[in-house]
Amino acid sequence: MIVKKFMLRLEEVLTVVPEATVKTVLDKMMANIQHSAVVVIAGDSHVPVGIVTKADMIKAYHDGLDPETHTIKEVMSKTIETVLDTDSRDTAAKHFEETKHKNAFVVNKQHHFVGLVSALDVAIEVSRDEHAWPWNREALDNKYQVPGSPKSRLKGPAAALHTFEQSSGACDT
């Protein structure tokens, strides 16, 4: 599975400007149930300059910063880690393992910001494939549809199971 299929797309990513107060951003994160916000240049949501996470907010609180007066620019991470939208899930997992970061900006081949992916997104994707065993979900969706059979409108696991039953003689349709 490639990153593009399970990332948080640009239009779904919470974006904020560096001049926003910590309280304003925290309120937006809570209202949108987001674990992070991408910090962008004012007026251009396609140019990230950093990221702020729940951990950054906790650190700001711990450091005694007044959320009403301090800005996100003071607490955000300026490290821009990227993965390609065409990278595999396993490539993204290896990136997170090597960098020890929990989030990465997703860019396309032209290096334009197109979304955000987290280590949790990768873990969830792995879990979904584990539940589809012995087939992966991509194979179920693409390869195991049975054209022309009475159950041809079946997709995914049902189609794969039907194909298996027909080939093993376990089904008399």
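## The S6–S7 hairpin

In this predicted model, strands S6 and S7 form a hairpin with 5 residues between them, and His 111 in the turn has a positive phi of about 65 degrees. Strands here are DSSP runs (E, at least two residues) and helices likewise (H or I, at least four), numbered from the N terminus. S6 (residues 103-107) pairs with S7 (residues 113-118) in the antiparallel sense over 5 bridges; pairing requires at least two DSSP bridges. Val 106 has Gly 115 as its bridge partner in S7.

On the S5 side, 3 bridges join S5 to S6 in parallel, with Val 83 opposite Val 106. Of the 5 residues in S6, 4 are buried (under 20% relative accessible area, 1.4 Å probe, protein chains only).

## Two nonpolar cores

A nonpolar core joins buried Ala, Val, Leu, Ile, Met, Phe, Trp, Tyr and Cys residues through side-chain atoms within 4.5 Å. The largest one has 14 residues, and Val 25, Ala 37, Val 52, Met 57 and Ile 72 touch the most other members. H1 gives the largest share, 3 residues. A second, separate core of 11 residues includes Val 3, Ala 92, Val 106 and Val 114.

Mean pLDDT (the predictor's confidence in each residue, from 0 to 100) is 82 for the protein chain. It stays under 50 over residues 148-173. Where pLDDT is low, the predicted coordinates should not be read in detail.

Residues are numbered from 1 along each chain as its sequence is written. Local features need pLDDT of at least 70, side-chain atom pairs count only at 80 or more, totals for chains, interfaces and linings use all residues, and side-chain values use heavy atoms, leaving out hydrogens and water.

Key. Contact means heavy atoms within 4.5 Å. Buried means under 20% relative accessible area, exposed over 50%, partly exposed in between (1.4 Å probe, protein chains only).
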